[in-house]
Amino acid sequence: MWRLVYASSEGEIVVSKAMRPRYRYLAVKVDSQQLLEERDIIEAVWKAVAQLFGEYGASQIGFFLVKYDKQSKQAILRCSLKALPMVKASIASVTKMKEKPAAFHTLKISGTLKALLGKMSNC
Amino acid sequence: MTKFVDLHLCVPLWDIEQSKKMIAKSAELGYRLVAVPFPPSVKREEVGRVQKICDDIDIDLSTRVNLAPRSTRELLSSLRSFRRRFEVVSVLCTSKPVARQAAKDRRVDLLAFPIAETRRTFFDGAEAELASESLAALEIDMTQLLSFEGFQRTRLIPILRREVAIAQHFGVHIVLSSGAVSEHLLRKPKDYASLAMLFDMDSSLALRALSDTPLNIVERNRQKLSPNFVAPGIRIVRRRDRSV
């Protein structure tokens with residue numbers, strides 16, 4: 001996804017700002033009766049994406065779990081901008097986690113983590 | 001602010017606690033109106049119980065009946081008996097004659113098709129043309145999409161894609177409803193819109209199918225069921241006081 005544009009005279013690699021990968025940050029609420037760990041969230045998202053879009057689709061989403069708060073059951077996910085519709089559909093399709101009924105509800109989406117946290121604190 | 005509507009919330013009428021949980025969850029997820037399917041022979045007290053739950057939670061309730069007739073005669077007889085008792089009438093089209101009759105009958109609000117059986121999908125061009133003239137909308141239950149997995153879902157998605165494409169081509173309204181039987185199958189309207197992209201429904205159309213389209217159906221029927229309704233476009237605005 002990173003595209004190297006040119007190497008400067010100092011030898012460091014410079015990447016054009018326009019060519020940087022763009023991400024979206026999603027705040028989601030995990031709706032489940034059980035106590036879930038970070039790896040359960042990651043596993044559920046990967047499984048949902050792979051089920052709906054296959055391994056090729058899953059390879060494009062650039063998914064990363066930024067933060068998960070067990071108390072409030074809220075998580076912040078990061079995905080690539082291009083794969084946002086895929087990720088939104090996938091997380092909405094989750095019906096089970098650890099073999100028990102569960103769901104993800106998208107709360108907010110933002111382009112930067114800072115803006116997302118700002119939006120979250122406002123609501 | 002957009003008023004989101006879930007026209008098919010299958011609450012268990014025998015379990016008040018579970019019904020309360022599901023209706024509360026709907027309200028929490030941003031729905032302002034829910035249509036609960038009742039059996040055709042429902043008593044007023046049962047409707048009253050659900051109405052009370054909705055009043056407590058501050059969400060609007062609409063009554064709905066799901067008809068699954070085996071013949072056109074049965075459909076017409078059911079419509080005669082139940083149309084004036086429910087605000088929303090949905091017909092599950094299990095045969096071609098029933099599908100055609102339901103599509104051209106102005107008393108039918110929603111056309112549902114048994115999607116689990118791929119050979120029994122009767123929503124084609126002719127059906128859509130009839131439906132577009134009679135204002136019947138195509139209903140898509142999102143529970144099927146959520147509860148199916150693997151090969152079943154792989155078969156379901158192209159059927160939905162085809163139905164949505166036909167409906168759009170012929171100008172048939174589409175209604176997305178949850179069809180949820182438990183609160184874990186409920187999703188936010190925007191999450192449903194995200195899922196609808198799987199069958200090529202763009203976000204704005206999907207959100208309309210969750211707000212304006214179902215709301216228009218309910219409002220139109222409420223007007224018709226009102227004692228002041230005379231004919232489309234004509235209603236009684238004031239009655240003469242007989243005591244004078």
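With 15 C-beta neighbours inside 10 Å, A:Lys82 counts as partly exposed, because a residue is termed buried if 20 or more other C-beta atoms lie within 10 Å of its own, exposed if 12 or fewer, and partly exposed in between, with C-beta atoms placed from the backbone. The structure is a predicted model, in which local features need pLDDT of at least 70 and side-chain atom pairs count only at pLDDT 80 or more, whereas totals for chains, interfaces and linings use all residues. Residues are numbered from 1 along each chain as its sequence is written, and chains are lettered from A and ligands numbered from 1 in the order in which they are written.

A:Lys82 lies in the loop that links strand 5 to helix 2 (84-92) of chain A. The C-alpha atom of A:Lys82 is 8.0 Å from that of A:Arg22, although 60 residues separate the two along the chain. Chain A contains three helices and seven strands, taken as DSSP runs numbered from the N terminus (helices: H or I, at least four residues; strands: E, at least two). Their order from the N terminus is β-β-β-α-β-β-α-β-β-α. Of the 123 residues of chain A, 31% are buried. Among contacts in chain A with a separation of 6 or more, 61% involve residues 24 or more positions apart; two residues are in contact if their C-beta atoms, placed from the backbone, lie within 7 Å.

Strand 5 (residues 74-80) of chain A pairs with strand 3 (residues 23-32) of chain A in the antiparallel sense over seven bridges, pairing being assigned if DSSP finds at least two bridges between two strands. Within strand 5 of chain A, A:Leu77 stands opposite A:Leu26. Strand 5 of chain A is also joined to strand 4 (residues 64-69) of chain A, with which it runs antiparallel, by five bridges. Here A:Ile76 is the bridge partner of A:Lys67. Four residues lie between strands 4 and 5 in this hairpin of chain A, where A:Lys73 adopts a positive phi near 55°.

In chain B, seven strands form an open sheet with parallel pairing in the order 1-2-3-4-5-6-7. Strand 1 and strand 7 (174-177) of chain B are the edge strands, each pairing on one side only. The twist from one strand to the next averages 30°, where axes are lines fitted to C-alpha atoms, for helices over the stretch in contact, and angles run from 0 to 180 degrees between N-to-C directions. Strand 2 of chain B runs parallel to strand 3 (residues 60-67) of chain B, the two being joined by five bridges. B:Leu61 in strand 3 of chain B faces B:Val34 as its opposite residue.

In helix 1 (residues 16-28) of chain B, the buried residues are B:Met22, B:Ile23, B:Lys25 and B:Ser26. They cover an arc of only 155° around the axis, which puts them on the same side of the helix; the arc is that of the directions from the helix axis to the C-beta atoms. These buried residues pack against strand 1 (4-6), strand 2 (31-37) and helix 2 (44-57) of chain B. Just after helix 1 of chain B, B:Gly30 has a positive phi of about 110°.

Between the chains, 14 residues of chain B are in contact with 12 residues of chain A. On the side of chain B that touches chain A, helix 8 (189-196) and helix 6 (142-147) of chain B each supply at least two residues.
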